[in-house]
Amino acid sequence: MFGVGRSNERFEATVVQHMDAAYNLALWLARNEWDAEDVVQDAALRAFRFLDRFDGRDARAWFLTIVRNSFYSWLRKRNPGLREESLDLEVHDVASDAPAPDLEMLRNLTRQQLWDAMGELSVEIREALVLREFEGLSYREIADLASVPIGTVMSRLSRGRRQLQQSLGKLHGKGASR
Amino acid sequence: MTCNELKTYMDGYVDGELDLVRSMEVERHAEACDRCTAEIRGLKALRTSMQSPSMRFHAPEHLLARVRAGEREKATARVSWQFRWAPLAYAVLLLLVFSGSLLLWRSAAQRETLADQVVSNHVRSLMAAHLYDVESTDQHTVKPWFHGKLDFAPPVQDFAAEGYPLVGGRLDVLDGHPVAAIIYQRRQHPINYFVWPASGSGNSRPRNLTENGYNLIHWKSDGMEHWVISDLNDNELRVLAQLLQAK
């Protein structure tokens, strides 16, 4: 339509272009399709409303930030008493008596196995892992997107990967009932 | 570098975020340490698997349609003040057509505009969690809720036994009339069923449309206009339409 041509183009470039990334993030965070769609829909609306605030640089990061914020808004609405995860860096030290990594299992990892294991992690850690492994964002980019210090990102990734390996080993590793 | 120190740098190393000096120290330690080598291998294996494209989910088509519909609606609303003259121009255009085709054309245009409104209402109801004003699976709660809000009694039935549970009700507007929106759900798909008193007599057989990725079915019977809309597939939506028609 005349007059909205340009904003339509921008919407396509920022939102529609990154729908897969947006939905993927929302789904791994929200853990069900219905909620993930709501989150993405809400994010798309906000993106449209704030389109003129987008500086034109990294459209994917810009939109994913909105998706992620929409997710947390949605989460807080559902759990009004929700508190941000506390960072007990000492408590979650690497267990030196943890079993050696099951390379075969890790190399043949299925999405379902990953899904099950990710379900045992906190949302903040899942968020860091999705942004790192699925979107290939750097520590700096993840820190900016999630508005946390880089050290927090590093800690979440580190803990997340340990916990994932533990969960996977427990659920699907050698000796585990399949 | 000790094994414990390596463990704190391992992620940074594997992520390519560790400075060169420390990276070399990690490698030097790992060369002489089987345990740490195994840890690094495990981490790399996990990452490689997670980075496989098969791990990612793709946005379903209907979500893309919803998002586009929402955007178009907002865009249209934004510039609607510019286009107030449009309906007038449209009417003038109609007057230039001969009466026989004019009548046929006008009724077709009306139906098309109504379908657009149905889609807009559906999309709007999905946003901002405004699917229902009254939330209940009990038809004996939803039906009386409309009393006093509408000057007609909408037919409210629950089809949970058939797999289409009633979810709630809502007031809406179509074609300038207040209408009842009765919401059903089929698996993950919300379905809006709009019903209001028809103008003019006679019934019409159900007709299917697709707009913006949504499936619509509409018919006229018992003096009412009936429209169902959902992103649910055509076959399953038709089942609901049939359930609604059989009274």
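Helices here are DSSP runs of H or I, at least four residues long, numbered from the N terminus. The model is predicted.

**Stop 1: a pair inside one helix**

Select A:Arg140 and A:Asp144. Their side chains meet in a salt bridge, 3.4 Å from N to O. Both residues sit in helix α8 of chain A, and because they are four residues apart, about one helical turn separates them. Now colour by accessibility. With a relative accessible area of 46%, A:Arg140 counts as partly exposed, because that class runs between 20% and 50%.

**Stop 2**

Step back to A:Glu135. This residue is in the loop between α7 (123-134) and α8 (139-146) of chain A. Is A:Glu135 buried or exposed? Its relative accessibility is 8%, so A:Glu135 counts as buried. Then show the surroundings. Leaving aside residues up to four places away in sequence, A:Glu135 touches A:Ala21, A:Arg60, A:Leu64, A:Val130 and B:Arg56. B:Arg56 belongs to the other chain, so go there next.

**Stop 3: the contact between the chains**

Colour the two chains separately. The contact takes 53 residues from chain A and 41 residues from chain B. About 4,700 Å² is buried between them, and carbon and sulfur atoms give 61% of that area. The largest share, 12 residues, comes from α4(B). By class, the chain B side has 18 nonpolar, nine polar and 14 charged residues.

**Stop 4: salt bridges across the contact**

How many salt bridges are there between chain B and chain A? The count is 10. Over all chains, the total comes to 25.

Select A:Glu37 and B:Arg66. Their side chains form a salt bridge, 3.3 Å from N to O. A:Glu37 lies in helix α3 (residues 33-49) of chain A and B:Arg66 in helix α4 of chain B, so this pair joins two chains. Both residues are buried.

Next, select B:Asp15 and A:Arg132. Their closest N and O atoms are 3.3 Å apart, in another salt bridge. This pair also crosses between chains: B:Asp15 is in the loop between α1 and α2 (20-31) of chain B, and A:Arg132 is in helix α7 of chain A. Both B:Asp15 and A:Arg132 are buried.

A network of salt bridges links A:Arg132, A:Glu133, A:Arg161, A:Arg162, B:Asp11, B:Asp15, B:Glu17 and B:Arg47.

**Stop 5: the strands of chain B**

Start at strand β1 (residues 134-135), which runs antiparallel to β2(B) and is joined to it by two bridges. Here B:Glu135 stands opposite B:Gly168. Strand β2 (residues 166-174) is mostly covered, with seven of its nine residues buried.

Move on to β3(B). Eight bridges join β2(B) and β3(B), again antiparallel. B:Val173 stands opposite B:Pro178 in this pairing. The two strands form a hairpin with two residues between them, and in the turn B:Asp175 has a positive phi of about 55°.

Continue to strand β4 (residues 189-197). Eight of its nine residues are buried, so the strand is largely enclosed by the rest of the structure. On one side, β3(B) (residues 177-186) pairs with β4(B) in the antiparallel sense over seven bridges.

**Stop 6: two loops to check**

Most residues other than glycine have a negative phi. Select B:Asn212, where phi is near 55°. B:Asn212 is in the loop between β5 (204-211) and β6 (214-221) of chain B, and is partly exposed at 28% relative accessible area.

Finish on B:Asp222, in the loop between β6 and β7 of chain B. Phi is near 55° at B:Asp222 too. With a relative accessible area of 61%, B:Asp222 is exposed.

Technical notes. Residues are numbered from 1 along each chain as its sequence is written. This is a predicted model: local features need pLDDT of at least 70, side-chain atom pairs count only at pLDDT 80 or more; totals for chains, interfaces and linings use all residues. Side-chain values use heavy atoms; hydrogens and water are left out. Contact means heavy atoms within 4.5 Å. Buried area is the accessible area (1.4 Å probe) that two parts lose on being put together, summed over both. A salt bridge is a side-chain nitrogen of Lys or Arg within 4 Å of a carboxyl oxygen of Asp or Glu. Ala, Val, Leu, Ile, Met, Phe, Trp, Tyr, Cys and Pro count as nonpolar, Asp, Glu, Lys and Arg as charged, and the others, Gly among them, as polar. Buried means under 20% relative accessible area, exposed over 50%, partly exposed in between (1.4 Å probe, protein chains only). Two strands pair if DSSP finds at least two bridges between them.
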